[in-house]
Amino acid sequence: MKQEKKQPGKLKMLAGYYKPYRGLFFADLFFAFLGAAVTLVIPLMVRYIMNSVSELSAVEAKTIILKIGVGMLLLILVQLGSRYFITYYGHMMGAYIEHDMRNEIFGHYQKLSFAFFDNQKVGHLLSRITSDLFDITELLHHGPEDVVISAIKLLGAFIILLMINAKLAFVAIGFVVIMLLYAVAMNGRMRGAFRENRARIADINSQIEDSLSGIRVVKSFSNEETEMDKFEEGNSRFVDSKKKSYRYMGTYNSGMGVFSTLITVGSLLMGAWLMMKGELSTADLVTFLLYINNFTEPVKKLVNFTEQFQNGYSGYERFLEIMSIAPDI
């Protein structure tokens with residue numbers, strides 16, 4: 001019960017870091033929405049061309065194609081500007097928040113007593129001010145925009161495809177649901193492996209710090225080989241944990257690639273069957289295939305978001321652990 005009460009408070013505190021940059025935050029979400037909307041509009045314009053041009057005279061068709069071509073170019077420019085904004089200004093917002101949090105934790109380190117540092121490894125303290133903060137700010141930057149983009153693309157594409165042909169839409173959705181379940185299962189395994197990697201690299205950082213800070217003692221007793229053996233042992237454990245995570249990553253990426261192809265193949269075969277029965281036009285099938293990417297990409301983004309959230313939130317909990325330690329004086 002205690003954990004349930006604390007969690008919303010922690011999330012609220014984490015969201016509080018947006019406050020000085022809320023203008024950038026809302027602008028980032030707006031341009032994420034705009035960029036996602038553009039990707040939904042372009043296939044509809046292709047469908048309109050294919051349905052209309054064949055029934056018009058050459059002069060009328062030429063005029064419509066030119067107008068739609070100009071419209072597509074304008075949409076591409078909007079998408080270009082949106083992507084630039086969320087890439088540059090979105091990352092800058094994350095950098096500003098990381099700067100604020102780093103100042104906060106480093107200032108807190110300065111207030112803590114010698115007794116605290118006697119019981120801590122410098123490598124672990126260093127990882128909290130570097131890699132942990134990076135994970136937190138990646139979550140604060142990419143998390144909201146990934147959720148917005150994925151929601152718009154998935155819901156928008158599904159609604160549009162339902163309007164085009166419901167049977168074909170449910171075939172694609174069936175594959176997407178299976179793909180999502182597979183992605184979530186594999187992501188859980190990868191998350192455990194990546195957590196182990198973080199622990200191993202923190203151990204290596206601590207070992208390097210201990211060895212280099214005492215290098216005079218090591219050299220005076222000719223203990224270089226012993227130190228090298230100790231380091232090699234920790235380094236080998238890190239490679240073993242990396243091997244495990246890369247095995248899961250390989251299974252995940254290859255499986256997601258197969259599902260993406262299956263959605264295309266399944267939709268193509270079902271579309272050809274419906275065309276044969278006269279229930280689907282060629283233009284609708286082409287439009288449908290153009291929307292397939294709007295199904296597969298958001299699934300990957302949402303799965304990546306769950307990993308980002310776990311890494312960022314666990315990093316924030318470690319950040320709070322340090323911040324909660326009261327100075328002796």
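Biologist: Is Thr39 buried or exposed?
Modeller: In this predicted model, Thr39 belongs to helix H2, which covers residues 22–52. A residue counts as buried when its relative accessible area is under 20%. The relative accessibility of Thr39 is 14%, so Thr39 is buried.

Biologist: Which residues is Thr39 in contact with, leaving aside neighbours within four places in sequence?
Modeller: Contact requires heavy atoms within 4.5 Å. With those sequence neighbours set aside, the partners of Thr39 are Gln79, Lys153 and Asn294.

Biologist: In which helix is confidence lowest?
Modeller: Across the protein, the mean pLDDT is 80, and 82% of residues reach 70 or more. Confidence is highest in H2, at a mean of 89. Over residues 1–7, pLDDT stays under 50, and the model has 1 contact beyond four places in sequence for them. Where pLDDT is low, the coordinates should not be read in detail. The lowest mean, 63, is that of residues 2–15, helix H1.

Biologist: At what angle do helix H3 and helix H6 pack?
Modeller: Packing of two helices is described by the distance between their axes and the angle between them. H3 spans residues 58–111 and H6 spans residues 131–164. H3 passes H6 in a right-handed crossing. Their axes lie 8 Å apart, and the angle is about 145°.

Biologist: How many nonpolar residues does the contact of H3 with H6 have?
Modeller: On the H3 side, the contact includes Ile86, Met93 and Ile97, and on the H6 side it includes Leu133, Phe134 and Ile136. By class, 6 of the contact residues are polar and 4 are charged, while the nonpolar ones number 10.

Note on methods: Residues numbered from 1 in each chain as written. Predicted model: local features only at pLDDT ≥ 70, side-chain atom pairs only at ≥ 80, totals over all residues. Heavy atoms only, no water. Helix = DSSP H or I, 4+ residues; strand = E, 2+ residues; numbered from the N terminus. Buried < 20%, exposed > 50% of the residue type's maximum accessible area, 1.4 Å probe, protein only. pLDDT = per-residue confidence, 0-100. Axes fitted to C-alpha atoms, helices over the stretch in contact; angles between N-to-C directions. Left-handed = near helix turned anticlockwise from the far one by under 90°. Nonpolar A, V, L, I, M, F, W, Y, C, P; charged D, E, K, R; others polar.
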